[in-house]
Amino acid sequence: MQITFWLLLVLITLGVASYWRLKLTVTTLLVAAVLAAGTIAGHIGVLSWIVFGALALPLNISNLRKTYMTAPIFRLYKKIMPEMSRTEQEAIDAGTVWWDGDIFSGKPDWEKLHAVPKARLTAEEQAFLDGPVEEACRMADEWEINHTRADLPPQLWQFLKDEKFFAMIIKKEYGGLEFSAYAQSRVLQKLSGAGIVLASTVGVPNSLGPGELLQHYGTQEQKDHFLPRLATGEEIPCFALTSPEAGSDAGAIPDTGVVCKGEWEGKEVLGMKLTFNKRYITLAPVATIVGLAFKMQDPEGLLGSEKELGITCALIPADLEGLDIGRRHFPLNIPFQNGPIRGENLFVPLDFIIGGPKMAGQGWRMLVECLSVGRCITLPSNSAGGSKTTALATGAYARIRRQFKMPVGKMEGVEEMLGRIGGNAYLMDAVTSMTTKGLDIGQKPSVISAICKYHLTEKMRQVVNDSMDVHGGKGIILGPKNYIGRGYQGAPIAITVEGANILTRNMMIFGQGAMRCHPYVLKELYAAQNTDSAEALKEFDKALFGHIGFAISNFLRSLWFSLTGAKLAGSPFKDETRRYYQGMERLSSNLAFLTDISMGVLGGELKRRERVSARLGDILSYVYMGSAVLKRYEDEGRQKADLPLVHWAMQDSLYRAQVAMEELLDNFPAPAIGKILKLIVMPFGKNFGRPADKLDHQIANILQTPCESRDRLGQGQYLSREESNPFGRLEQALDDVLASEPLYDKVCKAANERFPFVQLDKIADKGLELGVLTEQEADLLRRTEIQRLDTINVDDFDTEELMADKSLLQKDKKKSAKAA
């Protein structure tokens with residue numbers, strides 16, 4: 001009986017040491033101390049010490065461990081691990097690991113997260129938002145842009161150039177604004193509320209493209225020539241990467257640049273003949289310089305022995321003879337400038353390569369490094385900004401619009417949608433704030449950029465879909481009065497560009513995350529590639545046994561959290577958010593544990609098991625987004641009034657992460673292992689529920705009632721109370737409807753009759769007649785009636801107005817006249 005007690009105590013010691021991730025030597029000494037205590041008590045004999053020595057000595061003596069344990073495993077590992085392509089290697093090496101690494105650790109450091117300073121604007125950045133950005137929004141008539149012109153008006157184009165909207169990323173030494181990533185995000189959020197075309201036009205030059213590539217990799221001569229011209233809008237850039245045969249698989253572009261000699265400006269120089277066929281290139285129809293990605297070939301060995309140099313990026317002028325540019329695509333009735341670019345055997349000097357000839361073949365590395373920044377800003381910010389404006393507009397509309405003698409926003413079905421809209425908008429803004437602050441402190445988080453791009457564009461689609469359902473007929477009839485329909489049409493564009501969302505979710509998030517963020521996997525891979533066998537074995541040994549300890553720790557942490565519901569896990573706060581921190585620590589441990597099991601069971605096959613990868617990536621993503629929500633709540637001073645939004649966003653994130661984990665285990669490629677894993681991480685079934693109905697009700701009230709929480713949700717958006725701004729008119733209408741309701745009630749009470757809340761001008765007259773309203777109060781009711789009708793009415797057109805080819809109508813009339 002006594003020996004059983006001491007053995008149990010040894011196991012508990014091992015478990016506690018593993019849980020806290022103590023070093024192997026410390027763990028060995030602790031176990032030895034327990035055995036020593038047992039020996040002194042007379043219950044531990046020589047046999048126990050022999051077993052302990054047989055296990056502990058090989059593990060703690062480095063040479064023994066490497067020779068008899070690590071070396072055989074290392075040989076097997078090198079045989080079963082698949083080869084890594086150059087593009088895969090460069091993608092994995094690109095960027096940095098930040099909070100995503102903490103999530104993969106199984107033990108996030110919440111103090112570290114909250115120590116990251118709150119994202120703030122400088123005085124200069126705030127002035128830009130309050131001045132030029134506000135004015136650009138005022139100048140953007142969305143109906144004129146989308147329907148009449150199919151483009152921004154010339155005066156708006158010129159304003160954007162004059163105010164350096166295209167130069168937010170360009171350094172001040174070259175005439176740019178040199179704004180922070182956070183400021184760029186706020187600018188795009190505000191512009192997106194005024195229209196997709198405006199936000200896209202500004203976003204692209206400030207994202208992945210010639211400006212960013214030149215600043216990072218350009219020669220000094222290229223920087224001095226192009227950057228000042230880009231800053232003033234004298235040059236309009238585009239970047240041509242996507243080809244008909246290579247969309248999301250950008251590394252497979254068939255476009256080529258063949259090194260050869262040719263004539264340029266009357267002289268024979270060494271250059272390239274470029275042949276390419278690009279499509280979906282934003283700003284291409286109006287671009288003056290084209291950033292071009294192609295595969296560089298040197299068949300004659302003019303640059304050296306290497307024939308296939310790899311993907312290369314060059315800058316070519318749009319007026320280059322033979323360049324086919326200027327035609328336009330028409331993406332889902334959202335006419336931002338987008339089109340194809342083609343060329344065949346166009347000769348340019350090698351100096352046109354960004355960074356000069358020495359950067360030949362380095363294009364993919366350049367692109368993936370820059371993409372990790374740009375993908376964190378443009379599409380996520382546009383999605384978050386559009387969702388914030390949509391949330392406020394939908395809340396206002398739902399409060400103003402009445403059916404069955406009540407505001408539609410009071411109906412539970414509509415409340416459900418308003419809850420989703422508000423909760424998602426709060427979360428999306430939290431993610432953009434935290435992520436762009438990460439960029440501003442020097443991070444280039446490639447995995448997080450994929451999370452932001454995928455989830456925020458998908459959430460934007462959900463927000464717009466829900467808003468369309470609330471607006472009903474108002475949403476589907478296009479015209480100057482429709483402020484939601486174009487967003488609905490344009491949602492799939494964001495889903496598709498910068499890597500289709502299917503690929504981003506199924507391959508990129510976890511595919512890169514498992515390699516980049518796992519504390520040991522990449523070290524093991526690099527050890528296997530090391531040509532110095534002694535050094536390779538040493539590196540692999542260190543990584544392998546670190547990995548084993550890490551896996552054991554996460555297994556025990558997952559099991560402990562499952563049995564206790566993570567109620568004993570740490571949390572930096574003891575308030576309403578405590579259980580969210582604990583739940584995410586549990587999911588973090590689960591993710592780390594399940595990642596190791598999946599890689600161990602599936603090996604190289606995991607790369608092809610896309611749905612396994614997608615579900616593991618979902619767990620990572622929802623923990624990241626939940627972290628951003630908690631950081632936002634802390635950064636904004638833990639405003640209790642915002643708790644419904646916090647609760648909704650956190651409960652939805654935890655629930656969705658849990659669903660992803662359950663679906664992973666229910667469909668695990670090795671079913672028996674899946675069942676065992678489910679017993680470990682979910683022994684009592686689901687622990688996290690969907691957001692409660694009462695949260696939907698509370699958020700619906702926030703969206704429909706002017707208050708500080710609503711102001712914080714829509715902070716920074718274009719909401720100026722101007723006749724030209726449909727969202728400003730909505731805000732004013734909401735205020736006036738709420739102010740009119742007590743007056744309406746007063747008239748109904750005086751008349752002893754419950755009138756419908758329509759024809760408020762007649763209600764005003766009735767109130768004056770009964771002597772219960774002042775003239776000022778009657779004027780408010782009359783004004784409110786005009787605004788109410790403006791809110792719910794839709795546009796209608798003559799047939800000729802809707803016809804693109806108006807001459808057809810005349811031809812049809814002539815045919816009808818002849819027939820008559």
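Helix 25 (residues 643-666) packs with helix 27 (residues 693-704) at an angle of about 135°, their axes being 9 Å apart. This is a predicted model, where local features need pLDDT of at least 70, side-chain atom pairs count only at pLDDT 80 or more, and totals for chains, interfaces and linings use all residues. Residues are numbered from 1 along each chain as its sequence is written, and side-chain values use heavy atoms, leaving out hydrogens and water.

**The helix pair**
- Helices here are DSSP runs (H or I, at least four residues), as are strands (E, at least two), numbered from the N terminus.
- Contact (heavy atoms within 4.5 Å) involves Pro644, Leu645, His647, Trp648 and Gln651 of helix 25, and Leu695, Asp696, Gln698, Ile699 and Ile702 of helix 27.

**The nonpolar cores**
- A nonpolar core is a set of buried Ala, Val, Leu, Ile, Met, Phe, Trp, Tyr and Cys residues joined through side-chain atoms within 4.5 Å; buried means under 20% relative accessible area, exposed over 50%, and partly exposed in between (1.4 Å probe, protein chains only).
- The largest core has 125 residues, and Leu620 is among those touching the most other members.
- A second, separate core of 91 residues includes Phe179 and Leu241.

**Two loop residues**
- Lys405, in the loop between strand 8 (402-403) and strand 9 (406-407), has a positive phi near 65° and is exposed at 78%.
- Glu498, in the loop between helix 19 (485-496) and helix 20 (501-516), has a positive phi near 55° and is partly exposed at 27%.

Key
Axes are lines fitted to C-alpha atoms, for helices over the stretch in contact, and angles run from 0 to 180 degrees between N-to-C directions.
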